[in-house]
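This report examines the fold of one protein chain and several of its individual residues. The sequence and the structure are shown below.

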Amino acid sequence: MCNTASNTRFPWFGEGLVGRERNLDPNTSPRAFFGSELRRCRKRIGLSQPQLSERTTYSPDMIGKIERGERPPSPEFVRQCDEIFGEDGHFDRLYQFMLRTPGPAWFARWLEEIEPRATVLRTWDPLLVPGLLQTEPYARCVISGEPRISDDEVEERVQARMRRKLILESEDMPSVFVLMDEGVLRRPIGTHAVMCEQIRYLLDMARRPNVTMQIVPYGTSSTAGLLSAFIIAELPDAPDTVYVESSGAGEVTADHSLVVSIWRRYDIIRADAFPKVASLEMIKNSMEQWTT
């Protein structure tokens, strides 16, 4: 068996990995880990990329791209790998995990362990509708603006973002406190139709009893939340954990000093926000901009 990391919660952090040549870092994403495992198992049985190509439906060039984490495998290729390497479903398990958690590896812990278990989520965003509340067209517009992103990567990330929203439909849905800057309601993301659908979805969510949505007006003088978006997760059996966004690499941490700092920023921002009822009216009024 090539399942070197079966005893870990996140398989791409396993030890004893080989096949890191050509700058392949299996820690960057589940897709990169899949590629490193493919390369490792291929070399274990002494196959070159052209020889593996002869046994599969993929060209040597495409196999190289999969091993470098540049392209996702197909379900058929995954099945063929398990048969060729005698892995008893190992590559299929990696493939299913990869589908659930595309994107950087540091974010997978948030998606898999933290957000689904949270009893309370508190989110702030100065620029965009928070990812957890984005509609699919809105999310696609946001994600497709990333430099040099491929169409396949856009779709992977959009579908992953939509799967995050399943926690909002579960019986044990967490309490969600949403803080957004007023500019989020006015900033055009995509077409007017995209914005109409997004605003309408926000209104529907804001009416739920376990969702509190508040808008921070333009006029506030506070700069505490202008540097980045963030989410605070309160967990039933673990310390509070935060996810802090940035244009480069975000951060997921339960470090006490950083969590305290984010809580302080959240309290300052919320003190400047409109109450829930007034915020709901502001969201309703913003619809006029997108329907005229």
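This is a predicted model: local features need pLDDT of at least 70, side-chain atom pairs count only at pLDDT 80 or more; totals for chains, interfaces and linings use all residues.

Does Gln80 count as buried or exposed? At 8% relative accessibility, which is under the 20% cut-off, Gln80 counts as buried.

## Overall composition

The protein chain contains twelve helices and six strands. Of its 292 residues, 50% are buried.

Among contacts in the protein chain with a separation of 6 or more, 68% are between residues 24 or more positions apart.

## Helix 4 and Gln80

Gln80 belongs to helix 4, which spans residues 75–85. The buried residues of helix 4 are Phe77, Val78, Gln80, Cys81, Asp82, Ile84 and Phe85. Directly after helix 4, Gly86 adopts a positive phi of about 60°.

When neighbours within four places in sequence are left aside, Gln80 is in contact with Thr56 and Thr57. A polar atom of the Gln80 side chain lies 3.4 Å from the backbone nitrogen of Thr57.

Ser53 is placed in helix 2, residues 49–55. Its relative accessible area is 14%, so Ser53 is buried. A polar atom of the Ser53 side chain is 2.6 Å from the backbone oxygen of Tyr58. Apart from residues up to four places away in sequence, Ser53 touches Tyr58, Ser59, Pro60 and Ile63.

Ser48 lies in the loop between helix 1 (30–44) and helix 2. Because its relative accessibility is 27%, Ser48 counts as partly exposed. Pro60, which is among the residues that Ser53 touches, is twelve residues from Ser48 in sequence, with 8.8 Å between the two C-alpha atoms.

## Helix 1 against helix 3

The axes of helix 1 and helix 3 (residues 60–67) come within 7 Å and cross at roughly 120°. The two helices are therefore oblique to each other. On the side of helix 1, Phe34, Gly35, Ser36, Leu38, Arg39 and Arg42 take part, and they meet Ile63, Ile66 and Glu67 of helix 3. By class, this contact comprises four nonpolar, two polar and three charged residues. Ile63 is also one of the residues touched by Ser53.

Helix 1 also holds Arg31. Arg31 has 9% relative accessibility and so counts as buried, although its side chain is of the charged class. Not counting residues up to four places away in sequence, Arg31 touches Gly69, Glu70, Arg71, Pro72, Met98, Glu153 and Glu156. With Met98 the separation along the chain is 67 residues, whereas their C-alpha atoms are 5.9 Å apart.

Which residues of helix 7 (residues 136–144) are buried? They are Tyr138, Ala139 and Ile143. Seen down the axis of helix 7, these buried residues fall within an arc of 125°, so they line one face of the helix. An α-helix has 3.6 residues a turn, so residues three or four places apart point the same way. The cover over the buried residues of helix 7 includes helix 8 (151–164) and helix 10 (192–206).

Arg148 is located in the loop between helix 7 and helix 8. Its relative accessibility is 84%, so Arg148 counts as exposed. Most residues other than glycine have a negative phi.

## Ala224 in the loop between strands 3 and 4

Ala224 is found in the loop between strand 3 (211–216) and strand 4 (230–234). Despite this position in a loop, Ala224 counts as buried, at 15% relative accessibility.

Which residues are in contact with Ala224, leaving aside its neighbours within four places in sequence? They are Arg265, Ile268 and Ile269. Tyr266 is 42 residues from Ala224 in sequence, and their C-alpha atoms are 8.2 Å apart in space.

Conventions
Residues are numbered from 1 along each chain as its sequence is written. Side-chain values use heavy atoms; hydrogens and water are left out. Helices (H or I, at least four residues) and strands (E, at least two) are DSSP runs, numbered from the N terminus. Buried means under 20% relative accessible area, exposed over 50%, partly exposed in between (1.4 Å probe, protein chains only). A polar contact is a pair of N or O atoms within 3.5 Å; within protein, one must be able to donate a hydrogen and the other to accept it, and residues adjacent in sequence count only if both atoms are side-chain atoms. Contact means heavy atoms within 4.5 Å. The arc is that of the directions from the helix axis to the C-beta atoms. Axes are lines fitted to C-alpha atoms, for helices over the stretch in contact, and angles run from 0 to 180 degrees between N-to-C directions. Angles under 35 degrees count as roughly parallel, over 145 as roughly antiparallel, 65 to 115 as roughly perpendicular and the rest as oblique.
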